[in-house]
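Please look over the sequence and the structure shown here.

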Amino acid sequence: MKIAVAGKGGAGKTTLSATLARTMARSGRRVLAIDGDPNPNLGVALGVGAEALRDAPRVPRNASAEYTDEAGRTQRRLKEPFAAVRERYAIPAPDGVELMLMTGVEHAGEG
């Protein structure tokens, strides 16, 4: 099962996502929570310590590449199997949840 949570800022997406992830993990499901927000706070909401979050690896932008399929559609795919990406970048969170942080904003733009 895959669940994506999206919406406007301040709507409670992070709180809802953390609660859902921990509840599902407590019921025995294997849960990977992915924080793709430029201002990632899912780890905090899950209860991951500040030091672990500071030292957590981020999935780099170059972990995937664009390719064109036989129908001429451009798509993006991981360069290595998802299991390998999960093993390399996911960190443990409370209740058996695993957390993966995507690379966020590296620096503010000019202008």
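**A walk through the model**

Val5 is partly exposed, as its relative accessible area is 33%; on this scale buried means under 20%, exposed over 50% and partly exposed in between, with a 1.4 Å probe and protein chains only. The model is a predicted one, in which local features need pLDDT of at least 70 and side-chain atom pairs count only at pLDDT 80 or more, while totals for chains, interfaces and linings use all residues. Residues are numbered from 1 along each chain as its sequence is written, and side-chain values use heavy atoms, with hydrogens and water left out.

Val5 is found in the segment before helix H1 (13–26). Helices (H or I, at least four residues) and strands (E, at least two) are DSSP runs numbered from the N terminus. Together with Met1, Ile3, Leu16 and Leu20, Val5 forms a nonpolar patch on the surface, and these residues have about 480 Å² of accessible area together. Such a patch is made of residues with over 30% relative accessible area and no salt bridge, nonpolar side chains (Val, Leu, Ile, Met, Phe, Trp, Tyr) being joined within 5 Å and like charges within 9 Å. The areas come from the Shrake-Rupley method with a 1.4 Å probe, and for residues only the protein chains shown count as cover.

Attention now turns to charged side chains. A salt bridge is a side-chain nitrogen of Lys or Arg within 4 Å of a carboxyl oxygen of Asp or Glu, and by this rule there are eight salt bridges. One of them joins Glu98 and Arg30, whose closest N and O atoms are 3.7 Å apart. Glu98 belongs to strand S6 (residues 98–102) and Arg30 to the loop between H1 and strand S1 (32–35), so the pair ties together parts that are 68 residues apart in sequence. Glu98 is partly exposed at 22% relative accessible area, whereas Arg30 is exposed at 65%.

Another salt bridge links Arg54 with Asp55, with 3.4 Å between the closest N and O atoms. Arg54 counts as exposed at 59% relative accessibility, and Asp55 is exposed at 52%.
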